[in-house]
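Open the model in your viewer and keep the sequence panel beside it. The stops below say what to select next and what is there.

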Amino acid sequence: KRYFPRWEVNNRICYRLEAASSLHECRSRDLNCCGACLLTNQSLEPDQKLKLTVYLEEDVCIHLEGKVLWSKPDEDQQYLVGINFLETSKKIQDLILEHAFEINKKNLVKHWFKGWDGQKQSDSIVQ
């Protein structure tokens, strides 16, 4: 289980390999403060570093660096690629959380307060 939940999203993402100049566009499958799963037509190798632009909305984007953790073929001749974000600032993490909360408030609250039923616990001490 992840500490930070991933939210299923279909965001536009542009990336380029660290040492390359060509830009590739793909879509996200899911996203959290620490990483994402991309759906791309390019196979990427574990440990490759990427420069990413993630569009949280049409006119709101964040710039990140990431590292490929894994890559596997999809049934539609594309690839699912797991990315770990590197050195993500608190400001960018907060922006991701803010947008994720707006996308799916119910699931976010359920994840953070799992096991909490909303009932006040008794303050009495059992002896």
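**Stop 1: a pair within a helix**

Select K90 and D94, whose side chains meet in a salt bridge, with N and O 2.9 Å apart. A salt bridge here is a side-chain nitrogen of Lys or Arg within 4 Å of a carboxyl oxygen of Asp or Glu. K90 and D94 both belong to helix α1 (residues 90-103) and sit 4 residues apart, about one turn of the helix. K90 is exposed at a relative accessible area of 58%, while D94, at 34%, is partly exposed. In these terms, buried is under 20% relative accessible area, exposed is over 50%, and partly exposed lies in between (1.4 Å probe, protein chains only).

This is a predicted model, in which local features need pLDDT of at least 70 and side-chain atom pairs count only at pLDDT 80 or more, while totals for chains, interfaces and linings use all residues. Residues are numbered from 1 along each chain as its sequence is written, and side-chain values use heavy atoms, with hydrogens and water left out.

**Stop 2: the whole chain**

Now show the protein chain as a cartoon. Its secondary structure comes to 2 helices and 7 strands. Helices (H or I, at least four residues) and strands (E, at least two) are DSSP runs, numbered from the N terminus. Read from the N terminus, the order of elements is β-β-β-β-β-β-β-α-α. The protein chain has 127 residues, of which 34% are buried.

**Stop 3: salt bridges between separate parts of the chain**

Side chains of opposite charge can pair when their charged atoms come close. How many salt bridges does the structure hold? The count is 5.

Select R29 and D74, another of these pairs, whose closest N and O atoms are 3.4 Å apart. The pair links distant parts of the chain: R29 is in strand β3 (residues 24-31), and D74 is in the loop between β6 (60-73) and β7 (79-86), 45 residues apart. Is D74 buried or exposed? D74 counts as buried, at 11% relative accessibility. R29 is partly exposed, with a relative accessible area of 36%.

Next, select K67 and D47, which form a salt bridge with the closest N and O atoms 3.8 Å apart. K67 lies in strand β6 and D47 in the loop between β4 (35-40) and β5, so this pair ties together parts that are 20 residues apart in sequence. K67 is partly exposed at 25% relative accessible area, whereas D47 is exposed at 56%.

**Stop 4: positive phi angles**

Stay on D47 and look at the backbone. Phi of D47 is near 80 degrees, a positive value in a residue other than glycine. Then move to E87, where phi is also positive, near 50 degrees, and the residue is again not glycine. E87 is found in the loop between β7 and α1, and with a relative accessible area of 83% it is exposed.

**Stop 5**

F85 counts as buried, at 7% relative accessibility.

**Stop 6: cysteines**

Colour the cysteine sulfurs. A disulfide is a covalent bond between the sulfur atoms of two cysteines. Here a disulfide is counted as a pair of cysteine sulfur atoms within 2.5 Å. By this rule there are 0 disulfides. C37 is in none, and the nearest cysteine sulfur, that of C26, is 9.6 Å away. C37 is buried, at 7% relative accessibility.

C61 counts as partly exposed, at 33% relative accessibility.

**Stop 7: a negative patch**

Finish with a surface view and select E57, E58, D59 and E98, which form a negative surface patch. Patches are made of residues with over 30% relative accessible area and no salt bridge, with like charges joined within 9 Å and nonpolar side chains (Val, Leu, Ile, Met, Phe, Trp, Tyr) within 5 Å. E57 lies in strand β5 (residues 49-57) and is partly exposed, with a relative accessible area of 41%.

Definitions and conventions: Areas by Shrake-Rupley, 256 points an atom, 1.4 Å probe, with all protein chains shown as cover. Lys, Arg positive; Asp, Glu negative; His and termini not counted. Charge placed at Lys NZ, Arg CZ, Asp CG, Glu CD.
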